[in-house]
Each structure stands twice: as C-alpha cells, then as structure tokens.
Amino acid sequence: MTSRPELQAPPEIFYNDDEARKYTSSSRIIEIQAKLSERALELLALRSDGVPRLLLDIGCGSGLSGETLTENGHQWIGLDISQSMLDVALEREVEGDLVLGDMGQGLGLRPGVIDGAISISAVQWLCNADKSSHEPRIRLKAFFGSLYRCLARGARAVLQVYPGNLAQRELILGFAMRAGFSGGIVVDYPHSTKSRKEYLVLTCGPPSLSSAAPRGKDEDGDSCSDEDSSGDEDNQSVCISDRHRPRKKQKLNKKMKGREWVLRKKEQMRRKGNAVPANTKYTARKRKARF
Amino acid sequence: MRLLTHNMLSSNIKGVTNGFPLLIEVEKVVEKQVDFNEDFLRNMFPKIEWKALVEASRTMGYTELPENAESSMLDSDEFLRKFHHALIELHLEEGALVCPETGRKFPVNKGIPNMLLHEDEV
C-alpha cells in the first residue's frame with residue numbers, strides 16, 4: 001500500500017504539475033472532494049437567508065472544493081501552497097480569488113472579515129516538519145491564531161482532516177482550542193475504515209447553544225451522537241445528559257481495611273490454594289505515607 | 001485578484017505592526033463581467049475599509065468611487081453598481097502588492113498574489 005502523501009514530500013513538491021493534473025482529472029477524487037465540501041458547508045451552518053457570504057477555502061488546491069462554494073452562491077478566497085495546483089484551478093476558471101501562500105505562516109487577513117472557513121484534506125500537512133526551520137507547533141499556532149482573528153464573531157471554521165495518528169489529532173485540536181476556538185470533532189461513518197471522515201468544527205467565540213457539535217453520520221445514514229450534548233440546529237432543543245452523577249453520600253472508609261481484613265483475605269487465598277506468605281508481626285503494619 | 005480580496009489582505013511579515021492596506025503596483029488590469037448581487041454588497045459593506053478600496057480602485061484606473069461612503073448610500077442603485085464594479089469586476093492580473101511598512105513586494109502573476117514569506121520574515 002502506498003504511504004500517505006504527507007509522508008512522501010512537502011505539499012508544494014508533492015503536488016507538482018503531474019500530480020496536480022492527475023489529482024484533478026480523477027473522477028473518483030473529484031467526487032470525494034465534492035462530497036466532503038458539501039458536508040463541510042453543511043456543518044458551517046450558515047444562515048440560509050440566500051445572502052452570499054465571503055468564505056475562506058484553506059488548502060483550496062485546484063479549486064474542487066471552491067466550486068462547491070460557488071455553486072451555493074458564495075464568494076470565496078482560496079489559499080494554497082502549491083503553484084501547480086493553483087495553475088490547474090486557473091485553467092478550470094474558478095470563481096474565487098486564489099492566493100499562493102503557506103497557512104503555517106499565518107493567513108495574513110484583516111480581523112473579523114471572513115464569514116466562514118472550510119478546509120478539505122489540508123490541515124494535517126501542518127503536522128509535518130518539512131524544512132529544518134519548521135516547527136509544527138509554531139506553524140499550528142500561527143495558523144489557528146490568524147484563523148481565529150480573521151473570522152467574524154460567531155463564524156465557524158470546518159476543517160476536514162486526515163490525521164496520521166491519534167497524536168496528530170490531539171495536536172491539531174489542542175492548538176485550535178488554545179487559539180480560542182470552541183467546538184469539537186464530528187466523525188462521519190466512524191465504524192467504516194474506508195468511509196470514515198473527520199471534521200473539526202470550530203466556532204469563533206464563547207461556547208453557546210449554536211456551537212454545540214453537530215452529530216456525525218452513521219452507516220445507515222442516521223445520525224449518531226458521539227457526545228453527551230447534542231444540539232439540534234433547527235429545533236433549538238438541546239438535551240444535555242447528566243455527566244456529573246451525584247456523589248455517593250458515604251465514602252468507603254479505608255480504615256475498614258485493617259489487619260483483621262488482611263488476615264481474613266490471606267486465609268481465603270490459602271484456602272484457594274494460592275501461595276501466601278506466612279503471617280508475621282509485620283502483616284498489615286501501617287506503612288509510611290510515602291510508601 | 002479582485003479588490004475584494006485586496007481589501008482583506010495584510011502584510012504578515014514579522015515585526016510589521018500595520019501591514020494594511022497593501023499598496024498596488026499595476027502592470028495589467030482586466031475587467032470581468034460578474035452578476036450583480038445586492039445582498040452580497042450590503043453584507044460586505046460594513047466590513048470593507050472604504051479608504052483602502054478607493055485608493056486601490058484609483059490605482060487600477062477607476063475613479064468613480066466617492067471619497068467617503070455611508071450605509072445610507074447603499075440605497076442608491078448607481079452607488080451599488082459602482083461599488084460592485086470596483087469590488088468584484090476589476091482584476092489585477094499582473095503587478096505587485098507592496099507592504100506599506102517594509103516595502104517588500106509580493107508579486108502578482110496571472111491574478112494570483114504570491115504571499116509566501118521568506119524564512120527570515122516569519
């Protein structure tokens with residue numbers, strides 16, 4: 001099995017002219033990217049008032065995801081590090097504006113101007129140190145910090161990611177939270193290795209009803225909830241199950257486990273046939289606290 | 001690159017306190033026809049830095065925008081058309097964006113600005 005693209009070369013080198021062309025002419029990839037973009041847009045939960053919004057497409061590549069944004073009537077700015085991919089986007093005459101840039105250097109956008117951001121299969125590239133001067137943590141911090149700043153209050157960012165492992169997932173989520181975002185991970189089809197997709201759904205601003213993470217999709221197309229609290233965007237009803245159970249009034253008193261208890265237990269074990277040390281005057285003696 | 005995007009971009013170089021707005025060096029401007037959408041213009045208007053937009057459109061050769069603008073002017077269809085033209089229909093195809101503090105140039109080719117920072121600018 002071929003290794004992940006992220007382990008082969010930095011993105012601006014991996015996505016050269018050949019790869020860019022291959023990527024964009026594969027009908028399978030086009031279909032997958034379209035589906036992912038539709039879902040990301042759905043999770044963005046923009047108000048459906050027909051007003052076109054200004055959105056950001058991070059890691060827009062050849063514009064496959066941007067086309068979904070255009071189809072839904074929005075204006076967008078796309079950022080990508082690979083000139084080859086952007087050239088393909090130009091050929092396809094995408095409607096959004098394209099910027100050649102590195103998200104790990106910060107997005108370089110004015111505060112509060114973006115109505116929403118999506119990213120399809122891109123943010124995990126930040127976790128690699130492609131150059132000796134790169135430190136993934138600094139890049140993640142720069143990315144999430146600048147993303148938080150440029151989003152309007154209450155706006156969302158939906159990042160579809162392919163984390164290489166659990167550590168990468170934690171890293172990405174951790175830096176997002178530290179930047180001030182609230183939100184969580186939505187997983188679609190969690191039980192299928194092939195169809196499983198993860199979306200980081202982040203809201204700019206304090207956690208509220210509207211920032212409760214939406215439900216992920218399951219094999220049958222039903223929604224399955226990974227979390228205790230589920231927010232229903234349409235119905236405004238939120239049920240939060242009781243995470244904190246009331247503490248039991250009586251705490252088990254450790255003094256009960258005195259010498260007698262220990263001797264009784266040792267007898268039990270002997271009867272069972274286990275090898276138990278003989279009882280001496282040291283059995284169940286009180287040890288020092290830092291034992 | 002449209003002036004809509006230019007109005008959002010700022011210089012990200014380390015140590016720069018105010019990297020907005022980027023100055024424009026024009027080599028080639030293209031005008032593209034785009035459908036007019038009033039809702040979008042109304043939504044964007046409060047977010048736009050008007051002075052920067054007027055400056056930029058003048059550099060690109062469009063002088064119709066008024067110096068100052070208030071939200072009441074959005075009711076005028078003529079104003080909306082001019083706003084639409086400047087914001088969405090003017091494209092900088094070739095040229096450069098210049099950081100106002102350091103003078104560093106970000107080249108624009110085929111309408112794509114190259115905002116990649118060098119190692120020492122991050």
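View 1. Chain B has a mean pLDDT of 91, where pLDDT is the predictor's confidence in each residue, from 0 to 100. In this predicted model, 100% of chain B's residues reach 70 or more. Confidence in chain B is lowest in helix H2 (residues 38-44), with a mean of 90, and highest in E4(B), at 95. For the complex, the predictor gives an ipTM of 0.93 and a pTM of 0.77. Helices (H or I, at least four residues) and strands (E, at least two) are DSSP runs, numbered from the N terminus.

A quick note on reading these views: residues are numbered from 1 along each chain as its sequence is written, while chains are lettered from A and ligands numbered from 1 in the order in which they are written. Local features need pLDDT of at least 70, side-chain atom pairs count only at pLDDT 80 or more, totals for chains, interfaces and linings use all residues, and side-chain values use heavy atoms, with hydrogens and water left out.

**View 2. The strands around E2 of chain B.** Take strand E2 (residues 90-98) of chain B: eight of its nine residues are buried, meaning under 20% relative accessible area, with exposed set at over 50% and partly exposed in between (1.4 Å probe, protein chains only). Strand E1 (residues 23-31) of chain B runs antiparallel to E2(B), joined by eight bridges; two strands pair if DSSP finds at least two bridges between them. Here B:Ile24 sits opposite B:Leu97. E2(B) also pairs with strand E3 (residues 105-109) of chain B, again antiparallel, over four bridges, and B:Gly95 faces B:Val108 in E3(B). E2(B) and E3(B) make a hairpin with six residues between them, and B:Gly103 in the turn has a positive phi of about 80°.

**View 3. B:Ser57, tucked into a helix.** B:Ser57 belongs to helix H3 (residues 50-59) of chain B. Why does B:Ser57 count as buried? Because its relative accessibility is 1%. Leaving aside neighbours within four places in sequence, B:Ser57 is in contact with B:Leu3, B:Tyr62, B:Leu65 and B:Ala86; contact means heavy atoms within 4.5 Å.

**View 4. The seven-stranded sheet of chain A.** Chain A has eight helices and eleven strands. Seven strands form an open sheet with mixed pairing, in the order E3-E2-E1-E4-E5-E7-E6. Strands E3 (97-100) and E6 (181-188) of chain A stand at the edges with a single partner strand each, so one side of each has no neighbour in the sheet. From one strand to the next, the twist averages 15°.

**View 5. Helix H5 of chain A and its neighbours.** In helix H5 (residues 83-91) of chain A, the buried residues are A:Ser84, A:Met85, A:Leu86, A:Val88 and A:Ala89. These pack against helix H2 (17-25), E2 and E3 of chain A, together with strand E4 (112-113) of chain B. Just past H5(A), A:Glu93 takes a positive phi of about 55°.

Key. Axes fitted to C-alpha atoms, helices over the stretch in contact; angles between N-to-C directions.
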